[in-house]
Amino acid sequence: MMKSTDDDPLVGDSGQKSNDYHLKIWHKSASKDVKLNIEATQDTSNAAKKTSCLRWLLFLLLTPLGAAGTALLWYYQGAYYGLLGVYGSLVLLLLVKPGFRWFYIAAVTTPRDTIALIAYIRVMLFVKRQERKNLNVGDIFEANVAQYPDKLAIVSETQQWTFRQLNEHANRVANVFHSHGYKKGDVVGLLMENRCEFVATWLGLSKLGVITPLINTNLRGPSLQHSIKVGNCTALIYSVGYRAAVMDIARDLPAHVALYQFNDSVHSPEVTDGLTQGLAQQLNPLLDAAAKDKVAAGATRADHQDKLVYIYTSGTTGLPKAAVITHSRYFFIAAGIHYTLGFRDNDVFYTPLPLYHTAGGVMSIGQALLFGSTVVIRKKFSASGYFEDCARFNCTVSQYIGEMARYILATPDAPHDRQHRVRMVFGNGLRPQIWTRFVERFKIAKVGEFYGATEGNANIMNNDSTVGAIGFVSRILPQIYPISVIRADPHTGEPIRNKKGLCELCGVQEPGVFIGKIVKGNPCREFLGYVDTKASSKKVVHDVFCKGDMAFISGDLLVADERGYLYFKDRTGDTFRWKGENVSTSEVEAQLSNLVGYKDTIVYGVSIPQTEGRAGMAAIYDPTREVNVATLGSQLAATLPNYARPIFLRFLRRIDLTGTFKLRKVELQQQSFNPAASEDELHYLQPNGNYAPLTQAIYESIQRNEMRF
């Protein structure tokens with residue numbers, strides 16, 4: 001790929017096997033530099049070839065000698081010495097090929113792999129047992145209700161619901177919608193903040209076989225409308241706090257989408273905006289009048305393989321996509337983390353994460369529904385209140401995302417930092433730079449870092465608290481859990497194929513794209529994808545290691561060390577992560593371009609020192625400065641969720657296109673938001689939602705971590 005800087009390679013060929021030559025020609029370099037690059041790579045390649053050949057030659061020589069020696073021992077000394085000869089010969093051969101190092105790696109990773117294997121077997125037995133009995137999530141939950149009717153199931157700052165109360169509300173929801181004609185296979189969306197009724201609502205709908213898309217509460221305008229449409233919703237339940245957002249798009253929704261408004265105890269039940277206009281129905285009186293003891297006899301129950309909920313995820317292209325979660329997959333996700341990390345049924349879990357995402361809504365809430373544990377939720381995350389809540393509610397396991405961990409660590413020291421009962425934290429994105437400080441300050445015995453995609457099957461966990469690792473691949477028996485890191489273009493994420501048209505595994509410390517083999521019918525290997533089958537096909541790569549096989553491709557770059565531990569490297573494509581959410585640049589570009597009069601716009605992620613993820617930055621081609629920055633902040637707030645709004649703006653005086661007339665992104669990312677790197681006008685997003693000029697003084701303040709975003 002051609003680069004524009006003096007230090008970047010003009011031509012590079014690094015996608016070959018380790019025993020191939022690597023050619024690097026450097027821009028504006030002397031010819032002797034080119035020669036040195038070729039010779040150094042050639043020497044390394046030749047050395048690797050010679051070592052491999054010597055090992056194979058020695059292996060071939062020792063094999064017949066070992067066999068002959070063993071036969072002689074067996075013949076003259078008997079079976080006992082013959083077996084010793086067999087054992088000794090095998091050890092000798094293995095020391096030659098694969099070598100002593102393999103034995104060392106096997107020895108140090110066997111305990112880790114054994115624990116994971118036992119957990120994997122338990123998960124598969126659990127899921128298969130439910131499959132054999134054709135049980136759904138509601139069936140297992142009702143069994144827990146019968147066993148622990150008065151035990152607290154879900155607790156928040158303002159609510160404490162027992163398993164009986166949760167079930168009764170779920171039954172009311174089921175009976176209301178059954179009486180309104182909803183049946184198995186129908187789709188009813190849910191837009192509600194973290195509260196007990198959120199769980200009870202989708203759980204009640206599942207008792208009818210109704211599928212519930214769990215809609216991100218940050219969405220507004222076109223994004224919210226799209227989420228309702230792409231989920232094929234026939235109805236939407238929303239809480240009164242999101243009334244304005246729903247009413248803004250109500251008349252643009254398909255005519256068949258019925259709206260149900262749920263009022264909480266804080267708002268007056270007389271709130272009727274939208275109700276008096278005939279756009280929505282009041283749900284509360286319907287629930288009060290419905291039966292709570294059991295679901296109506298005429299309702300059809302869901303089967304084990306039926307769809308349960310849709311969870312929205314923003315991938316590498318377009319608007320939010322609805323990922324399919326079946327009852328079977330819900331079992332696998334919740335049970336997978338339960339057994340792998342050693343959760344206990346009597347644990348009390350704490351999650352301030354939104355329940356419309358997999359992490360909070362499946363991994364944590366699943367511990368209550370499937371295993372009878374108590375889960376403490378919070379409407380909005382509070383860094384200073386995190387361990388205070390854990391101490392207050394006697395939590396033993398708490399959940400995080402990397403961004404949260406950094407915020408918590410930044411709070412002043414407090415007595416509850418160590419005066420709690422939390423024995424384990426689990427989540428994803430805990431940076432290696434703060435990992436040790438976090439566990440030492442808050443006295444955490446174990447960290448369970450995991451990695452996975454809602455729609456994917458490439459899910460891994462770090463089960464032994466190895467700092468920075470997001471999981472591992474067994475070096476002894478990698479076939480048991482077929483996940484891999486393959487060579488790929490770091491910019492596009494496209495797999496790099498060999499002469500046979502197949503993918504190649506990455507070596508140790510070689511970055512590559514993470515994939516998971518697809519096996520239909522296997523709950524841990526099946527790829528359910530999205531509601532949109534076209535979007536699903538983009539996440540599947542064919543002819544991976546042999547013709548005809550398939551794998552889910554994550555779009556993330558990982559790197560593996562010698563022991564098989566995996567570490568997150570970066571994201572490929574046009575997606576970056578900010579505030580715990582995936583931001584699709586194409587969606588932001590489309591919305592922003594509409595607001596600035598369809599000018600050329602490019603959105604990308606930039607790094608801020610000591611800040612998790614990448615902040616959004618938008619470059620707008622506006623040489624005559626026509627865009628009104630004063631109103632742009634409020635316009636973006638009405639159009640995009642807060643995590644997707646660009647933190648930085650750059651107004652380009654000139655535009656740089658590729659040979660295919662695409663805006664260049666790499667150079668803009670390299671220059672980032674440094675005013676000294678260009679003559680363009682820069683702005684940054686203030687806490688009040690408005691943009692202000694980004695001066696060199698402001699830039700230096702950001703670099704010193706004196707400003708938080």
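This is a predicted model: local features need pLDDT of at least 70, side-chain atom pairs count only at pLDDT 80 or more; totals for chains, interfaces and linings use all residues.
**Exercise 1.** Which residue just after α4 takes a positive phi?

Solution. Step one: find helix α4, which runs over residues 163–179. Step two: look just past the end of α4, where G181 has a positive phi of about 90 degrees.

**Exercise 2.** Compare the reach of α4 with the expected value, then decide how enclosed the helix is.

Solution. Step one: α4 has 17 residues. Step two: from its first C-alpha to its last, α4 reaches 24 Å, close to the 24 Å expected at 1.5 Å a residue. Step three: a residue is buried when its relative accessible area is under 20%. By that cut-off, the buried residues of α4 include F163, L166, H169, R172 and F177. Step four: 12 of the 17 residues are buried, so α4 is largely enclosed by the rest of the structure.

**Exercise 3.** List the buried residues of α15 and state what covers them.

Solution. Step one: α15 spans residues 585–595. Step two: its buried residues are T585, E587, V588, E589, Q591, L592 and S593. Step three: the cover over these residues includes two helices, α6 (221–230) and α16 (629–639). Strands β24 (575–578), β25 (581–584), β26 (601–606) and β27 (615–621) are also part of the cover. Step four: α15 is followed by G597, which has a positive phi near 75 degrees.

**Exercise 4.** Is T326 buried or exposed, and which residues does T326 touch beyond its neighbours within four places in sequence?

Solution. Step one: T326 lies in strand β11, residues 321–326. Step two: the relative accessible area of T326 is 7%. The cut-off for buried is under 20%, so T326 is buried. Step three: with those neighbours left aside, T326 is in contact with Q305, D306, K307, L308 and L528.

**Exercise 5.** Which residues does UniProt annotate as "transmembrane region", and what does the model show for 103–127?

Solution. Step one: the unreviewed UniProt entry places the annotation on residues 56–74, 80–96 and 103–127. Step two: in the model, the span 103–127 is 100% helix and 0% strand. Its end C-alpha atoms lie 34 Å apart.

Technical notes
Residues are numbered from 1 along each chain as its sequence is written. Side-chain values use heavy atoms; hydrogens and water are left out. UniProt positions are given in the numbering used here, feature names are shortened, and annotations may be inferred rather than shown by experiment. Helices (H or I, at least four residues) and strands (E, at least two) are DSSP runs, numbered from the N terminus. The expected span of a helix is 1.5 Å times one less than its number of residues. Buried means under 20% relative accessible area, exposed over 50%, partly exposed in between (1.4 Å probe, protein chains only). Contact means heavy atoms within 4.5 Å.
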